[in-house]
Amino acid sequence: MEYLDGLDGLKNPYMDLDQGGKCQAYYIWIDGTKEGLRGKTKTLDKPTMNLADLPVWNFDGSSTSQAEGQNSDVYLKPVAIFKDPFRRGDNILVMCETLTHEMEPHPTNCRRDCVAHMARCEDDDPWFGIEQEYAMFDFSGRQPYGWPENGYPGPQGPYYCGVGKDKVSGRKIVEAHYRCCLYAGINIFGSNAEGMTSQWEYQIGPCRGVDLGDHVWVSRWILSRVAEEFNVVISFDPKPIQGDWSGAGAHLNVSTKKTRAPGGLDEIYRLIEILGKKHNEHIFEYDPHDGADNKRRLTGHHETERIDRFSYGVANRCASVRICRQIEREGCGYFEDRRPSSNADPYRISTRMVKTICLGE
């Protein structure tokens, strides 16, 4: 039996109480797993959408695998603000960096490095997008949402972009997440059902520089928070179900000023050739466990290339990097790096990308 919150899905009757002119700011950060998100609420004396008005805060790092108990305080520095689609009104969501007690970037904080590298390649004006895949599970986190209790659904084939209860599960969550992202100011630009039933994808972008990471991380938090309301657990594991089922990625779409210009297809091919020479370096950055997660996903099956190979092609979803058929026809645009795992840190993967294609590192 599912464990409900006591309201049995009804609206919380206390959420329309007046806040006395104050604002609730929900501070969000990446925890010690480098893929989990944590958060807590701070009261502000007045509403604001200005980062300068938000104080540095702290949390118990010994409870998030980010500090020892003898020196447990880790600082939170606000870096991006979004409207709160749950509390609404003047309340806000705040993406934060983590800092050590010496006010230096915490080892789990990859954002600061991302900011530095993006500043060095401003002339290239890189744009990014992420195709974020995920799977839904029931409240226990063990049973895929909508799957038979004692068995499996039919083989993959009819579920991708499908319609009908026999094809998809969880559409209400998907629609709620999409609308919450639009309300919050997240740069979401699409969603669709994926190859495995109860598996979905949404797309974030185009974003410049570090904005990609801010928007992806907060969109992931919003998705998990929406799913709470439906007693559903979201999994960003790159291979949530073993066997003949699709894994999950966070495909990175990339363009530069030159690739977007007329005739930019030649530049796209040039950059992809450079990527092939740094394949191992990218694989190391493309999941939070330095490639270990992607070993389960990048097998050469289910529209992936093997983890130890690099390949590319037009409209080839079995390659490491794909060029969209429309981009080939138009002669300019972007390319899609299909290697990042669904639980990858967008700060890390976008930093590695510009180091390779813009900075020659």
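**Largest pocket.** I looked up which elements line the largest pocket of this predicted model, and found that H2 and helix H3 (211–229) each supply at least two residues of that lining, with H3 giving the most, five residues. Helices here are DSSP runs of H or I with at least four residues, strands are runs of E with at least two, and both are numbered from the N terminus. The volume of the largest pocket is about 1,000 Å³, and 26 residues line it, with Pro 85, Phe 86, Arg 88, Arg 225 and Glu 229 lying nearest its centre.

**Terms and conventions.** On a 1 Å grid over the protein atoms alone, a pocket is an open set of points with protein on both sides within 12 Å along at least five of seven lines, a cavity is a set where a 1.4 Å probe fits but cannot get out, and lining residues have an atom within 4 Å of a point. Points are joined across faces, edges and corners, and a volume is the space filled by probe spheres set on them. Residues are numbered from 1 along each chain as its sequence is written, and side-chain values use heavy atoms, without hydrogens and water. Local features need pLDDT of at least 70 and side-chain atom pairs count only at pLDDT 80 or more, whereas totals for chains, interfaces and linings use all residues.

**Second largest pocket.** I noted about 780 Å³ of space here, and a lining of 41 residues, of which Glu 131, Glu 201, His 251, Arg 322 and Glu 336 lie nearest the centre. Strand E6 (127–137), E7, strand E8 (199–208) and strand E10 (250–255) are the elements that give two or more residues to this lining. The classes are 10 nonpolar, 18 polar and 13 charged.

**Cavities.** I counted two cavities of 30 Å³ or more. The largest holds about 60 Å³, and its lining divides into five nonpolar, three polar and two charged residues, among them Ile 30, Glu 97, Arg 111 and Tyr 347. Strand E5 (residues 92–99) gives the most to that lining, four residues. For the second largest cavity I have a volume of about 40 Å³ and a lining of Tyr 134, Val 174, His 177, Tyr 178, Ile 188, Ser 191 and Tyr 202.

**Helix packing.** I then checked helix H5 (residues 265–277) against helix H9 (residues 346–357), and they pack at an angle of about 110° with their axes 9 Å apart. The axes are lines fitted to C-alpha atoms over the stretch in contact, and angles run from 0 to 180 degrees between N-to-C directions. H5 is therefore roughly perpendicular to H9, a label that covers 65 to 115 degrees. Leu 271, Ile 274 and Leu 275 of H5 meet Met 353, Thr 356 and Ile 357 of H9, contact meaning heavy atoms within 4.5 Å.

**Leu 54.** Is Leu 54 buried or exposed? At 8% relative accessibility I record Leu 54 as buried, the cut-off being under 20% relative accessible area with a 1.4 Å probe and protein chains only. Leu 54 sits in the loop between strand E2 (37–44) and strand E3 (57–60). Beyond its neighbours within four places in sequence, Leu 54 is in contact with residues including Tyr 27, Pro 78, Ile 81 and Val 94.

Methods:
Ala, Val, Leu, Ile, Met, Phe, Trp, Tyr, Cys and Pro count as nonpolar, Asp, Glu, Lys and Arg as charged, and the others, Gly among them, as polar. Angles under 35 degrees count as roughly parallel, over 145 as roughly antiparallel, 65 to 115 as roughly perpendicular and the rest as oblique. Buried means under 20% relative accessible area, exposed over 50%, partly exposed in between (1.4 Å probe, protein chains only).
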